[in-house]
Amino acid sequence: MRSMKRKLKTVLFYLTLTVVVFLINLPIINMVGSSMKNKQELFTNNHLFPYKPTVENFANVLERTPFFRYVVNSLLVAVVVAVSVMVISCLAGYAISRYSKRIKLFRYYSNLFLILQMFPGVLLMIPLVLVFSKAGLADSLGGLILIYISSNIPFCTWMISGFFDGIPIEMEEAAQIDGCNAIQCFLRLVLPLSSPGIASIVIFTFINSWNEYMMANVILKNQNLRTLPLGLQTFIMQFDTDWGSLMAASTMTIIPVVFFLVFMQKHIVSGLTAGAVKG
C-alpha cells in the first residue's frame with residue numbers, strides 16, 4: 001500500500017512538473033509554431049502549430065535582411081565581453097577573497113555593491129552617451145563592449161569571490177611550501193577548483209550581452225553594426241508588423257543560447273549548488 005502511494009505521488013509530481021514546464025515555455029512554443037505559419041494562418045489559425053508548416057518566413061529573413069551580420073556582431077560582442085569579464089572578475093574576486101582582512105575597502109565591497117544596485121541603469125544612459133560621443137566611442141561595437149564589460153564586472157566579481165571563499169587558504173599555503181608562488185597557486189590550484197563558478201559568470205555575461213537591447217539601441221545607429229535584438233526591430237514598422245518574419249528571426253536568435261545552455265547545463269547546476277554546504 002505504501003509503495004502504491006509513493007508511486008502515485010511520484011506520478012502526480014512529474015505530471016505537475018510537466019504541466020508547469022509546458023506553461024512556462026508556452027510563449028517559446030507559440031513563437032516556434034508561429035514562425036512556420038504563412039500569412040493567412042497567422043491570423044486565422046489560433047493553434048500552437050500550423051496545419052501546413054512552411055519555411056518561407058525563415059527564407060524571407062535570410063534573403064531580405066542582413067541576419068548573419070547581426071549574428072556575427074552579437075557573437076563578437078558576447079564572446080569578447082564574456083572573456084574579458086571572466087578574466088577581470090577572477091582577478092578582482094580573488095583579491096577581495098584573500099585580502100579583505102588586510103584592506104578595509106574590500107571588506108565593504110558587498111555592501112557597496114548592493115547600494116549601487118539601488119540605482120537603475122537608465123540613469124547612466126545620458127551621461128554615457130555624452131561621454132562616449134566626446135571620446136569617439138559612440139556608434140561602435142568597441143564602445144558597446146566597454147559598457148557591457150563595466151556593467152557586468154561588479155556582480156560577477158561579487159559572485160566569484162564567494163567561490164574563492166569556499167577554497168581553504170591552507171591549500172594554497174601547502175602549495176607554497178611545495179614551491180609554488182602566488183601566481184602559480186592562483187592559476188594551477190584556485191582556478192581549477194572554481195571552474196563551476198567561472199562557468200556561471202561566463203554564462204551569465206554571455207546571455208546578458210546576447211539579449212541586451214536598451215543600451216545597444218542608444219549607442220548603435222549604423223545598421224551594419226546592429227546586434228540581434230536591434231535586428232529584430234526591423235520587422236516592427238510604424239503601421240504594420242511582419243509577424244511571420246519576426247517569429248522566424250526570434251526562433252533563430254534563441255537557438256545559439258539554447259545550445260549554449262544545454263552544453264553548459266552541468267556547470268550551471270554546479271555553480272548554483274556550490275557553496276551551499278561549507279566545511
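**Exercise 1. In which helix is the place of Ser35? Work out its surroundings too.**

Before you start: this is a predicted model, where local features need pLDDT of at least 70, side-chain atom pairs count only at pLDDT 80 or more, and totals for chains, interfaces and linings use all residues. Residues are numbered from 1 along each chain as its sequence is written, and side-chain values use heavy atoms, with hydrogens and water left out.

Step 1. Ser35 sits in helix H2, residues 26-35. Helices here are DSSP runs of H or I with at least four residues, numbered from the N terminus.

Step 2. With a relative accessible area of 0%, Ser35 is buried (buried means under 20%, exposed over 50%, partly exposed in between, using a 1.4 Å probe and protein chains only).

Step 3. Now skip residues up to four places away in sequence: Ser35 touches Thr54, Asn57, Phe58, Gly244, Met247, Ala248 and Thr251. Contact means heavy atoms within 4.5 Å.

**Exercise 2. Locate Phe49 and describe its setting.**

Step 1. Look in the loop between helix H3 (39-44) and helix H4 (56-64) and you'll find Phe49.

Step 2. Its relative accessibility is 44%, so Phe49 counts as partly exposed.

Step 3. Leaving aside neighbours within four places in sequence, Phe49 is in contact with Ile29, Gly33, Met36 and Lys37.

Step 4. For a distance check, take Met125: Phe49 and Met125 are 76 residues apart in sequence and 41 Å apart in space, C-alpha to C-alpha.

**Exercise 3. Describe how H10 packs on H11.**

Step 1. Helix H10 (residues 169-177) and helix H11 (residues 182-193) have axes that come within 10 Å and cross at roughly 135 degrees. Axes are lines fitted to C-alpha atoms, for helices over the stretch in contact, and angles run from 0 to 180 degrees between N-to-C directions.

Step 2. That angle makes H10 oblique to H11 (under 35 degrees is roughly parallel, over 145 roughly antiparallel, 65 to 115 roughly perpendicular, the rest oblique).

Step 3. On the H10 side, Met171, Glu172, Ala175 and Gln176 meet Ala182, Cys185, Leu189, Val190 and Leu193 of H11. By class, that contact has seven nonpolar, one polar and one charged residues (Ala, Val, Leu, Ile, Met, Phe, Trp, Tyr, Cys and Pro count as nonpolar, Asp, Glu, Lys and Arg as charged, the others, Gly among them, as polar).

How values were computed
Helices (H or I, at least four residues) and strands (E, at least two) are DSSP runs, numbered from the N terminus.
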